[in-house]
2 protein chains.
Amino acid sequence: MTTESLVLEIKKKQSFLCIGLDVDLDKIPKHLLQEEDPIFAFNKAIIDATHHLAVAYKPNTAFYEAYGIKGWMSLEKTIAYLNSNYPEIFTIADAKRGDIGNTSKMYAKAFFEDLGFDSVTVAPYMGKDSVEPFLSFKDKHTILLALTSNQGAFDFQTKKVNGDALYNEVLRTSKTWENAKNLMYVIGATKAEYLSKIREIIPDSFLLVPGVGAQGGNLKDVCKYGMTKNVGLLINSSRGIIYASSEKDFAKAAAGKAKELQSQMQQILSK
Amino acid sequence: MTTESLVLEIKKKQSFLCIGLDVDLDKIPKHLLQEEDPIFAFNKAIIDATHHLAVAYKPNTAFYEAYGIKGWMSLEKTIAYLNSNYPEIFTIADAKRGDIGNTSKMYAKAFFEDLGFDSVTVAPYMGKDSVEPFLSFKDKHTILLALTSNQGAFDFQTKKVNGDALYNEVLRTSKTWENAKNLMYVIGATKAEYLSKIREIIPDSFLLVPGVGAQGGNLKDVCKYGMTKNVGLLINSSRGIIYASSEKDFAKAAAGKAKELQSQMQQILSK
């Protein structure tokens, strides 16, 4: 998917909501456990109930890998279902991959070509030749971890390198890589005040922002400091939406929570 | 597996060789493509021919994921084969994972419990709470990326933080984490001269050293600067061993290359 198509979809739906499909069999409604593929049944219901409120879905691959082959089959079914039924939706494999060149190429092929995701999250630690293989795919997007929303972000990401935080060094350096136009960045919502500085370095790039909701970030602040003329934000919520209810009404409850966020987004976009 | 068992095995075999199982269907002997599971058939033959020369095997998960469900089945069969037939072998899932706490726990469960690997490689960028979930498993090992063997290592890993390289900051910080005794580190062989400084920070930890062979590192230098009284090194070679021949004699040729390295190791250990 092109960035232009994503922006059009955001404007049409008045939403820049991304829903994280982090499916845990211990948390989904009990009645789904009788299904042949409970994870896919859960995802399908959530997607069908929320697709008009969200512009992106983000399965975190860890949750699928944790169930082995069965989990991978659920992931394949989920992305195939999205691509067949809602091709206008932007899809993110939250995989946080990154390896030496020829290996990153294998990962890129797996997520972009075989599974058919529009984007994948990638870790920056191994540098340019671990990320560029992802960037070479046309109309596919590489979402580089810059500033994450967890406490551990303060261990290395905020440490000073060349007089500035490491995550800003990651932003600056990655801009020089081949096909850098295909880069987006993960920037945690827990540190909204950092966004002004970030926007000086990458004024136009899309940011995937986790940490609104369960992790405590504030939507208004993120938009105040991070929004661009093309919106430039995808706000992710996972547990706050998909586990809104653990009863038979789970999909409806999820849609209710998604609607709350979408309404706030509509209000912000209308200003 | 305990570190003590690994050290005993190294002394018994006079080898600290790790063989990387990075299987690419374009590179394996053509006759194997008729097998029901060519990747597993290849791995099984390589393992059977080299298990007496190596103390560890390291499948890079990217190569398996690239083939989707089939690839994951080949990975499952490979680790199950190793655990059943050669339980004395140390197994490494080269997955370079790392995510926020509850997600890292899912990855740890997948690799340690479900698949049954002894260790997994993990990226440090997200800090303490992304790594500690891996460290809490008894007799399982977390191999943290510190200094990798690719060119991109110079983008961030060698940048100065608090007056020292970021990878040394990673070593120092990670030592303070809970269950840090379960940490090992990836240190690329292409920079053997850095090892003296590294050994000042982590005098006893095991290092997984890629980059001998295809990536140009030098075995003698690595041992000179990096070896401890318990050896403390696992030297990985992937392509140089497993693709020694693309004919029917591939397993024998791989054993020949493994024997060359093991002989050099034996010589070094005898000094």
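Modeller: Happy to! In chain A, the strands β1-β2-β3-β4-β5-β8-β9-β10 form a closed barrel of 8 strands with parallel pairing. On average, neighbouring strands of this sheet are turned by 30 degrees against each other, direction ignored. Please keep in mind that this is a predicted model.

Strand β3 (residues 90–97) of chain A runs parallel to strand β4 (residues 119–122) of chain A, and 3 bridges join them. Look for A:R97, which stands opposite A:V122 in β4(A).

Now for the helices. Helix α6 (residues 128–135) of chain A lies across β3 and β4, and also across β5 (141–147) and β8 (183–187) of chain A. Its direction is at about 145 degrees to β5(A). Elsewhere in chain A, helix α11 (residues 250–270) lies across β1 (17–21) and β10 (233–237), running at about 155 degrees to β1(A).

Chain B is worth a look too. A closed barrel of 8 strands with parallel pairing is found there, in the order β1-β2-β3-β4-β5-β8-β9-β10. Here you can follow strand β9 (residues 207–209) of chain B, which is joined by 3 bridges to the parallel strand β10 (residues 233–237) of chain B. Within that pairing, B:L233 in β10(B) is the bridge partner of B:L207. Finally, helix α2 (residues 38–50) of chain B lies across β1 (17–21) and β2 (56–59) of chain B, at about 170 degrees to β1(B).

Terms used: Residues are numbered from 1 along each chain as its sequence is written. Chains are lettered from A and ligands numbered from 1 in the order in which they are written. This is a predicted model: local features need pLDDT of at least 70, side-chain atom pairs count only at pLDDT 80 or more; totals for chains, interfaces and linings use all residues. Side-chain values use heavy atoms; hydrogens and water are left out. Two strands pair if DSSP finds at least two bridges between them. Helices (H or I, at least four residues) and strands (E, at least two) are DSSP runs, numbered from the N terminus. Contact means heavy atoms within 4.5 Å. Axes are lines fitted to C-alpha atoms, for helices over the stretch in contact, and angles run from 0 to 180 degrees between N-to-C directions.
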